[in-house]
There are 2 protein chains.
Amino acid sequence: MNFSSKLLENAVNEVSQLPGIGKRTALRLVLHLLKQPTSQTHRLSEALNNLVDDIKLCKKCHNISDVDVCEICANPSRNEEIICVVEDVRDVMAIENTAQFKGLYHVLGGKISPIEGIGPHNLTIDSLIEKVKSGTVKEVIFALSSTIEGDTTNFYIFKQIEKYHIKTSTIARGIAVGDELEYADEVTLGRSIVNRIPFENSL
Amino acid sequence: MNFSSKLLENAVNEVSQLPGIGKRTALRLVLHLLKQPTSQTHRLSEALNNLVDDIKLCKKCHNISDVDVCEICANPSRNEEIICVVEDVRDVMAIENTAQFKGLYHVLGGKISPIEGIGPHNLTIDSLIEKVKSGTVKEVIFALSSTIEGDTTNFYIFKQIEKYHIKTSTIARGIAVGDELEYADEVTLGRSIVNRIPFENSL
């Protein structure tokens, strides 16, 4: 692209560093900002700067937090005997929205992925094992996405905590509520049959 | 969404003000920035702030520029007798990329659109008419997109400059180079037949 302005070119280049945003989209976004009051752009810049400068990770669960110990970990009514292992803050938000889980979380910060150069030591696995070792934890629930990386990570953690003889579980895989059987993939449908539950539990 | 952090919520809210970016995409972008070195976010914020604070519009053509008179208007080898009327900086960039136009531009800053509350006085039409009145302009080329708003704007400007008896033209509409006839819409195909050109001119 041939820009008439260095300032414009610079802004477009920076915005197009974001994932999924190419030069054309970046130009559209930047021209939009130019049409708005400058205060909007100042607010945006300040919010982003404040975020990256001041954000903390909860010392206990490693979730994104404004304080040293996050709201969930600091809440005395949550059951600290059950730990749900998730990948990132989005999974915590998704599970919290269901209002079905009253235990604590442990945010790994990713999945083991040799292709992306992410090994166990880039994740918070050691801290999880420390928690299990300390003895308060009775159950670990694996809630990683069901991909090769997710399954590898689950298995790696399972092997490390096996010797402490606590309960381990994984969230149920099956046909989504409201979905039609004929469109489900075979693996999911197969698992949902093998792991069928008593009818009265589903009411 | 239920955020675990005010800083995160604030950043997501600001990013989701951008057109075409919802809360989920905003969260994805913001979490991406958190995984990068903070210097990337600082560069992004600075580039955006510098843009909205220091950008100028060229005094002659109203295109986005870092200086009072843009490179194109300041270039003595460009033909100031031909003015190409466009909507915004993206159209200037697109036409400049063809290297087929040696005249000057006039950037309107939009199209007349009563629905969006944009009237002739929100655009740089008066400044265009002043240019025509001054007598140096011999031809005005309308290069707005071919929509109701574009046609309305063309016609409004045409009515105002008609009395100065200069040449007015509009860019050719027709089948795109490389396109198949059978997939073209009827209006475009019809226009391309009515406005056919001598075969030797197309070689």
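**Domains.** I began with chain A, which splits into domain 1 (6–54) and domain 2 (68–202); the bounds come from an automatic or database domain assignment. The C-alpha centres of these two domains of chain A lie 36 Å apart.

**Ground rules.** I am working with a predicted model, where local features need pLDDT of at least 70, side-chain atom pairs count only at pLDDT 80 or more, and totals for chains, interfaces and linings use all residues. Residues are numbered from 1 along each chain as its sequence is written, chains are lettered from A and ligands numbered from 1 in the order in which they are written, and side-chain values use heavy atoms, with hydrogens and water left out.

Next I looked at α2 (residues 23–35) of chain A against α5 (residues 89–98) of chain B: they pack at an angle of about 145 degrees, with axes 11 Å apart. Helices here are DSSP runs (H or I, at least four residues), numbered from the N terminus; axes are lines fitted to C-alpha atoms over the stretch in contact, and angles run from 0 to 180 degrees between N-to-C directions. A:Leu27, A:Arg28 and A:Leu31 of α2(A) meet B:Val89, B:Arg90 and B:Met93 of α5(B), contact meaning heavy atoms within 4.5 Å. By class, I list four nonpolar, no polar and two charged residues in this contact (Ala, Val, Leu, Ile, Met, Phe, Trp, Tyr, Cys and Pro are nonpolar; Asp, Glu, Lys and Arg charged; the others, Gly among them, polar).

**Largest pocket.** I find a volume of about 540 Å³. A pocket is an open set of points on a 1 Å grid over the protein atoms alone, with protein on both sides within 12 Å along at least five of seven lines; a cavity is a set where a 1.4 Å probe fits but cannot get out; lining residues have an atom within 4 Å of a point. Of the 21 lining residues of the largest pocket, A:Asp88, A:Gly109, B:Leu31, B:Leu34 and B:Lys35 are closest to its centre. The largest share, five residues, comes from α2(B).

**Largest cavity.** What volume does the largest cavity have? I read about 130 Å³, a volume being the space filled by probe spheres set on the points, which are joined across faces, edges and corners. The lining of the largest cavity divides into 15 nonpolar, no polar and no charged residues.

Note on methods: Helix = DSSP H or I, 4+ residues; strand = E, 2+ residues; numbered from the N terminus.
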